[in-house]
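Colleague: Could you take me through this model slowly, saying each time what a word rests on?

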Amino acid sequence: MSAAPDMSAQEMPTVVLIHGAFAGSSSWNGVIANLKRRGYPVVAVANPLRGVQKDAAYVRALLDSVPGPVVMAAHSYGGLVMTEAAAGASNVKALVYVASVSPDVGESVIELVGKYPGSQLPSSISMVPIPSDDGGTTMDQYLLQDKFPEVFAADVDPETAKIMAATQRPASASAQEEGVTKVAWKTIPSWTLITTQDQGIPPDLQRFLAQRAGSTTVEIAASHAVAVSQPGPVADLIDTAARATARSMQMSKSRQG
């Protein structure tokens, strides 16, 4: 694929990808390969998964280092981090929520997932005590490996899903419990990929959040791990957001001229 016809190679935004809990940057590999074939520069952030504020500060530092326009895409818990980190970032032109959540101020993952039935995550978590920064003890959360394929990656090749389960990255309890303090989707246009077979984030919750955010939505029959099982449609939506952003920027420049 060549660069999008309404963007020169120099004008193409950098795509910044944020993974969620129980995953890593490699979960975007298929999406990255697709986007690079289209000519996009891509960065997949290693989300720390230590808490919304810590993670957002880490991502924001990266955003501030990227020259030119940025299109962000986030999966699952990564949606909270993106919502917080992108607020006020002048170079971020579009947000893409992928099987994700777009919270309002004060809303956390655990609160949002409890609003609608259907998530199998609460009954599939293993808690592991770890030292906290204050010298006490906190908890890391893992998905039970025997439940990981069904709950997280039901449409992924079974052997691949087992490897994903073994290499998953845990999220701290605070990552699930902290709410956001800033909301990027109120000022930045958003797109949402709704996964209709999702057992992690209920599809009805995804629909509610997308409607509330005024997000452009696409629905696909996929599991929570849609970036692994169906990277093409994920890349397509990111490309759609980037093209819409480019057209908007070009129209703005024309009016100013």
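**Pairs of strands and rings**

Modeller: Let me begin with V96, which stands opposite W191 in β8. This is a predicted model, in which local features need pLDDT of at least 70 and side-chain atom pairs count only at pLDDT 80 or more, while totals for chains, interfaces and linings use all residues. Residues are numbered from 1 along each chain as its sequence is written, and side-chain values use heavy atoms, with hydrogens and water left out.

Colleague: What makes strand β4 and strand β8 a pair?

Modeller: Two strands pair if DSSP finds at least two bridges between them; β4 (residues 92-100) and β8 (residues 190-195) have four bridges, in the parallel sense, so they pair under that definition.

Colleague: Why are β2 and β9 called edge strands?

Modeller: The open sheet has six strands in the order β2-β1-β3-β4-β8-β9, with parallel pairing, and β2 (42-45) and β9 (216-220) each pair on one side only.

Colleague: Why is the pair of Y116 and F208 called tilted?

Modeller: Rings of Phe, Tyr and Trp (its six-membered ring) pair if their centres lie within 6.5 Å, and planes under 30 degrees apart count as stacked, over 60 as edge-to-face and the rest as tilted. The centres of Y116 and F208 are 6.1 Å apart and their planes stand at 40 degrees, so this pair is tilted.

Colleague: How do you know that Y116 is partly exposed?

Modeller: Buried means under 20% relative accessible area, exposed over 50%, and partly exposed in between (1.4 Å probe, protein chains only). Y116 has 27%, so it is partly exposed, and F208, with 30%, is partly exposed too.

How values were computed. Helix = DSSP H or I, 4+ residues; strand = E, 2+ residues; numbered from the N terminus.
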